Amino acid sequence: MKLHTLKTAALTGVAFATLIAAMPAQAQEGPASAGASAEEEVVVTGSRARGRTELNTPVPVDVISAADIARSGALGGEFGQALQNLVPSFNFPRQSNSGSADIVRPAQLRGLSPDQVLVLVNGKRRHTTSITTVESKTGRGTAPVDFNAIPSNAIKRIEVLRDGAGAQYGSDAIAGVINVILDDAPEGVEVNASYGIHDTHFDPTGEDLSDGETWVLQGKIGIPIGVEGGFLRVGGEYRDRARTYRGGLDQIPIFEDPANAPLVGNRVNFAPGDGGSEDRSLWFNAATPVGNGVEVYAFGTYANREAEGSGFFRYPIGYQNVLSVYPLGYRPVPTGKTEDIALTTGVRGEAGAWTWDTSVNYGHNRYEAGVYNSLNPSLGPTSPRSFFTGAYEVDLFTANADVTRSFDFGLAEPATLAFGIEYRNEGFKSEAGEPASYAAGPFTGLAIGAQAGGGLRPAETRDISRDVFSAYAELSLQLASNLLLDVAGRYENFSDFDDTFAGKAALRWEFAEGLALRASVSNSYRAPSLVQVGYGTSSLSFGPGGSLQSVQTLQVDDPLARALGAPDLDAESAVNYSVGFTAALGAFRFSIDGYRIDVDDRITLSERVDAATLSPAQQALFAARGITAANFFTNAVDTETKGVDIVATYKFDDVLDGTLGFSGAYSYAETEIAAIRNFGNVVVIGVEEANTVEDAAPKSKFILSADWTNETWSVLGRLSRYGEAKRVFNFGGGYEPEQTYGAVFQFDAEIGYQATENVNIYIGASNLFDAYPDRSNSEIFYFGNFPYDVLSPIGMNGRYLYAGVRTSW
């Protein structure tokens, strides 16, 4: 039995055995749950002191309810897409022809890297994905959390802390923290079924398209267990999404054989858009008091996804094809199968003035990569057509002990002291693909390896781990009735890196009733993920003249990477500054927060290093590998991010026998490179990677929503504006085409009808007016095949219509 299976089985057994053992007769009385005050503790993220709300915290926190998520208009009810639609500082583009990023979509907070935001579930650290994206633009070279592995119907609310929090939560919390609070209703059944489809006019081909059919089925049930206050909430989700096709008419690249034109020219050969996917997920959340102020709890999620991406078309006549196998060329289809497991169990309670919580947490993610409708041309006509190209796994085991106590220091309110310790074991493992996926066959002059999925070679596999020990302390002081001070510090010891220390101070001053200023300063850090340390692969990139070129991603300990000057990776370090103003005047709520985040030694994937630009000795090393280009991870750049977030809400009662609410949110984040450290004659950060860091994501986002509800009807309208984004390519020889894509608006709408006390019917549209981003220019659209870039969060799929039924009893 595999180690992760043993850990999973052990944790599951401990969780349920403890809960079952704690189940005396229903009539037995017991103490209130230690977590029962969740409704009073409106915000639990950003401070361990109780009784905080969105506006009386010294740092900005967004709270997104389950109702907000249900009416977000997210494609197929995806959790990540829901955050994109609701949180102004969150960016979740739908990338295409981007390798694994087609299947596991990376997201950004405040314009920083996807792995610079920490994700918690019920306050416990969530594991990341096991794959990194080397062909994408957003999130290139990162291994973030897979948001869509968390079923959206499991969520009670989401708290988004928009501030550095390394002193409180440890590594990764540079841009902020996203804390997913699971549904804990002790009773009731809910079922939701929906159907959606894209209905759009696609200008590049003049077609009216209907595709991307999406079916979603969700269900959950709550069961009281144990003594009064105990609960078991269990649910599941199934999603089936068909692919979309948004390719343009192929003008045939000038570097391909002209004889291809009469065979496959002026037709759609490429398939940008969303790949097909099938998702299955399960979750549970449970707790029960066991007497003497003690509560046992457990929660977990399981997700399985089988999905397809989109490879570049291989032309009939060329070195990437065997004409007798594919007389009209072929478009390989990359595949990804992910398995994601998370389990937590713990005991918490109160002893006099002390509140304590101990827990163990295990997370596992496995990604199996493959490709079909493909070929290893060097093997000739007998080459397989489908391949297993490799697998990647990450494991995270965490043990925590947290203690909180209030002390009366004679201040306006008792002070809150919190402290704790944590142990983490992180692991990464990769498995080689089948030999045919990387073999160099006897047909010289033809491409080597499975197309759109060159297999991982045995020499490129890794099995590595690290141990992390940490301790923290946090103190919250109500210095006066209108003056709050929070301070925190955390020490972490890494088995493979230097020790780190993070500190934070945050202040809130209510200078008039309902009006307050707040500010914070902190430092945070992020150790390189083991995926970044151990990941290697081959991929396609645009090379000289815009032609496609195979690029090998090297581990930093690879001899070739060392020959190019690659040092061992080091931890990123960051300093965050924030200042804001809040207002709570009757039904009006307002906040504005400005911030600056300086990141040193930021980890990025290097620019494509072409052998032709290197010294003869370095070129010989490339020739020995049979490759012409490579890249690797580096700490070669420092960045500075400045921005502002604005949120305002107002609610009217008794409007047409209902309630009318308005909300507006604006986010602006600009990142600039402060320093670059290239290696002699090797340019590791050039125009393409600088573009990835600085300009590829929109700097601004605006969301304006209106929501009216009464006992029978609900109407929602939401207007979103995404700012401009910029694409830059380096095709060699000084040829660096670029394009700035203008701002774009998207309007979403939903109408709900409460047919009975238990049945709600809804219809809606995401991108109702069928907006698209700007068309790519002739230098960037790859000879007509990619009429739209993947940079804009609005995507390239057009209008999405959906309808569904929610039942509850």
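Modeller: The answers below set values beside definitions.

Modeller: This is a predicted model, in which local features need pLDDT of at least 70 and side-chain atom pairs count only at pLDDT 80 or more, while totals for chains, interfaces and linings use all residues. Residues are numbered from 1 along each chain as its sequence is written, and side-chain values use heavy atoms, leaving out hydrogens and water.

Colleague: Why is Ser72 called buried?

Modeller: Buried means under 20% relative accessible area, exposed over 50%, and partly exposed in between (1.4 Å probe, protein chains only). Ser72 has a relative accessible area of 1%, so Ser72 is buried. Ser72 is placed in the loop between helix H2 (66–70) and H3; helices (H or I, at least four residues) and strands (E, at least two) are DSSP runs, numbered from the N terminus.

Colleague: Why is the pair of Phe255 and Phe783 called edge-to-face?

Modeller: Rings of Phe, Tyr and Trp (its six-membered ring) pair if their centres lie within 6.5 Å; planes under 30 degrees apart count as stacked, over 60 as edge-to-face and the rest as tilted. By this rule there are 40 aromatic pairs. For Phe255 and Phe783 the ring centres are 5.7 Å apart and the planes stand at 85°, so this pair is edge-to-face.

Colleague: How do you know that Phe255 and Phe783 are partly exposed?

Modeller: The relative accessible area of Phe255 is 32%, so Phe255 is partly exposed. Phe783 has 21% relative accessibility and therefore counts as partly exposed.

Colleague: What makes strands S1 and S5 the edges of their sheet?

Modeller: Two strands pair if DSSP finds at least two bridges between them. The open sheet of five strands has the order S1-S6-S7-S4-S5, with mixed pairing. Strand S1 (61–65) and strand S5 (124–125) each have a single partner strand, so one side of each is left without a neighbour in the sheet. Within this sheet, five bridges join the parallel strands S4 (residues 117–121) and S7 (residues 176–182).
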